[in-house]
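Here are my notes for your review. Please read them with the structure open.

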Amino acid sequence: MELLPIGRFAQRCRLSVKRLRHYDDLGLLTPAKVDEHTGHRYYRPDQARDALAISLLRRLDMPLPDIAKVLSGDLAGPLHAQRERLETEIQHRRTLLRSTEKLLARGLRGPEVTLTAVPERRLRVVRASADPDDFGASIAGCVSQLAVAFERGGVPWRPPLVGLYPLDLDAARVPMAVGIEVNEETFAAGLPSTEPELLPAGTAATVKHIGPYEDLSLSYHALLSWVYEHGHEPSGPAVETYLTDPAGTAPEELVTRIGIPVGQEQR
């Protein structure tokens, strides 16, 4: 069978010579022959099918390790994985688009911030750690654990749920907690799989966020900007109180109160 030099093979496959060399270095598409004296690469004409498949799958943004699986005969697995990645990316882009549209409509200042005296609150919480860009799955897991704990403990509970998050999100995994306010007796007696969390009385800068949880960063921006502009210093974790049930509320109508405990004004 006639062997094609890398330049002619690249033209047939609509790939650059540089790209073919890269695929060879990765072991993804190995030449049929390499001249031991010149180092020139040669390919069989029937290797064009694999080369064209690589080109197609790269246009779909499929990672090279998954392309290697496709070339070895596993088509369905990598394609399903790629579809899930693309769906996740599309959802992320939709969230960014919605946030951009809201900023265009209202500017950076956002909702009104108020300084509020908050009472002491006793919670039983479930703790977890999560990717700072995706708290959703961890929150859902915590809520499930809470529901089971209260049911097994025979303790009735009712909304709202409360989420506790550090202000510093500069970590691969961020500690968080989701809890329910309880009376003094339940707080002291405890519930299996939960921990006590006492939120002391004090002063908090608060804002009411209306809309999807994915847009909470917009309200956090407004809240933290106000805190620093007015010379306050955050003195505790952010406290999110979920005032509506996401199971029966449209995303645009969800209401979340965000509070950040603050010290005395420094000015």
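Predicted model: local features only at pLDDT ≥ 70, side-chain atom pairs only at ≥ 80, totals over all residues.

1. Arg41 is buried, with a relative accessible area of 19%.

2. What does the side chain of Arg41 meet in a salt bridge? The partner is Asp25, at 4.0 Å from N to O. The pair links distant parts of the chain, 16 residues apart. Arg41 sits in strand β3 (residues 41-43), and Asp25 sits in helix α2 (residues 17-25). The distance deserves a second look, because a salt bridge here needs the nitrogen within 4 Å of a carboxyl oxygen.

3. Is Asp25 buried or exposed? Asp25 is exposed, at 60% relative accessible area. Arg41, by contrast, is buried. So this salt bridge joins a residue under the 20% limit to one over the 50% limit.

4. Now the pair in helix α4 (residues 64-71). Lys69 and Asp66 form a salt bridge there, 3.9 Å from N to O. Both residues belong to that helix, 3 residues apart, or about one turn. Asp66 is buried, at 12% relative accessible area. Lys69 is partly exposed, at 43%.

5. Salt bridges with shared partners connect Asp24, Asp25 and Arg41 in one network. The structure has 11 salt bridges. Side chains of opposite charge can pair when their charged atoms come close.

6. Which residue pairs with Arg8 in a salt bridge? Glu2 does, and the closest N and O atoms are 3.6 Å apart. Arg8 is partly exposed, at 41% relative accessible area. Glu2 is also partly exposed, with a relative accessibility of 49%.

7. Last, a nonpolar feature. Leu56, Leu60, Leu75 and Leu79 make up a nonpolar patch on the surface. Together they have about 340 Å² of accessible area. One of them, Leu79, lies in helix α5 (residues 76-106).

How values were computed. Residues numbered from 1 in each chain as written. Heavy atoms only, no water. Patch = residues over 30% accessible without salt bridge, like charges linked within 9 Å, V, L, I, M, F, W, Y side chains within 5 Å. Areas by Shrake-Rupley, 256 points an atom, 1.4 Å probe, with all protein chains shown as cover. Helix = DSSP H or I, 4+ residues; strand = E, 2+ residues; numbered from the N terminus. Buried < 20%, exposed > 50% of the residue type's maximum accessible area, 1.4 Å probe, protein only.
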